[in-house]
Amino acid sequence: LLADSLFKDERGAIFAFNPQNGFVYLSYSKPSPLDTNDPTLSPLLNRALSGLYPPGSTLKPLIALLALRDGIIDTNFAVSCKGAMYLGRRVFRCWSVHGYTKLEKAIAQSCNIYFYNIGGRYGAKEILNSLKGTGLFGRKFTNLKEEVPSRIPVKAIYLGTALNLAIGQGEILTTPVFLAVLAGLVGNKGWVVLPRFSEYEKPETLRLYAQDWAYDAVKRSMLKVIEEGTAQNSKVPWLKFGGKTGTAQNPHGEDHSLFIAFAPYDDPQIAIAVVVENAGAGSAKAAPIASEIIKRLFSGNLKITNAQTLNNSVSFNFLR
C-alpha cells in the first residue's frame, strides 16, 4: 500500500475523502493487527476514526475563520511577534520570531503570537462558546460505530485557557476524520458532504456559516502555507492546493506531526488529514505524506468526478 510505504515504521493515521460527495478515498491506521502483536502499540485502535490528538496549529484556520466571522479581528489586524508574550508570570512562546504579522503570514508561518492575541481578544468563555457553536465537537461524521467524537472543555475560566485553545492546545482533542472535515469546510467555503464508505449511504451535508470574504481570507492563507510557508517543501508544482501544518504537544512523549489540506484549490476534490505520532514538526513528516497521496490522486492533472471516486479508491488500493 502507498500509505504503508509512506509511514514505514511510524504510527499514526490518514483520513481522506471527497468533500463534494463524501466518498472516502482512504481511512488508514498504523499499526494495524497485521503489523504487530504488541498490545502496547494499540493495534486494534482505528486511529483514523478513534484516535484523539491535540490538533495543534491545524486548528488555526478554524480559529481565524471564527474570529473574522465574530468580529474579533479583521483582515488588517496585525501583531508584532517577538517570539514570546507574557500573561502574568507565564510565558507563551512562538516557534520563531515573525515580526510584523497579519492574517496570511500568521497562518502561512504558523505564528503563535498572532493566535494568542486572538485568544486574548476573545476571552476564555467566548472562544469556547464560539468553538462549541460550530457543531463540530461532540459529534460523529460517519455512520461507523467505532468513530469517537472530538472533545472540547466543558467550561473555560482562565485567560490562559483561551490562549492555548487559540493554538489548538490544552483540553482539546480531535480525530483525523474531524481534521479532514475541517479542511473540506474551508476548501468548499462552508459546506461538505460528510464522509461515506458506500454509494448507497444517503449523503448528508454539513454547513458552517461564515461570510464569503472570511472564507476567502482563510483559504488564501492556507494556499500561502504551501506556496511560501511551513509546507513549501511539500508543494506540488502542477497543482494548486491549500494546507496547514501542525506540531501538537503530547504529554506522553514527543510532539505529534499533523497536516491538513484540500485540493485542488478552486474546486476541492479531496480533503485530507495526516497524523504521525511522536514525529515532531508537521512540515517534516505529515505534510510530505499528504503531498504524495495528493500527487497520486491527481497524477497527470486527473480531475476526479463523482462517478470516478469509489473506483479510484479501489484502484489505488487505499482502503484496507
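Mentor: Helices (H or I, at least four residues) and strands (E, at least two) are DSSP runs numbered from the N terminus, and the expected span of a helix is 1.5 Å times one less than its number of residues. This is a predicted model, in which local features need pLDDT of at least 70 and side-chain atom pairs count only at pLDDT 80 or more, while totals for chains, interfaces and linings use all residues. Residues are numbered from 1 along each chain as its sequence is written, and side-chain values use heavy atoms, with hydrogens and water left out.

Trainee: How many helices and strands are there in the chain?

Mentor: With the DSSP runs counted as defined above, the chain holds eleven helices and eleven strands.

Trainee: How far apart are the end C-alpha atoms of α9?

Mentor: Helix α9 covers residues 212-227, which is 16 residues. At 1.5 Å a residue these should span 22 Å, and the expectation agrees with the distance between the end C-alpha atoms, 22 Å.

Trainee: Which residues of α9 are buried?

Mentor: Buried means under 20% relative accessible area, with exposed over 50% and partly exposed in between (1.4 Å probe, protein chains only). Buried residues make up 57% of the 320 residues in the chain. In α9 they are Ala214, Tyr215, Ala217, Val218, Lys219, Ser221, Met222, Leu223, Val225 and Ile226.

Trainee: What covers the buried residues of α9?

Mentor: Contact means heavy atoms within 4.5 Å. On that basis the cover includes the helices α3 (60-69), α4 (103-108) and α8 (176-187), together with the strands β9 (242-248) and β10 (256-263).

Trainee: What share of the contacts in the chain with a separation of 6 or more is between residues 24 or more positions apart?

Mentor: Among contacts with a separation of 6 or more, residues 24 or more positions apart account for 65%.
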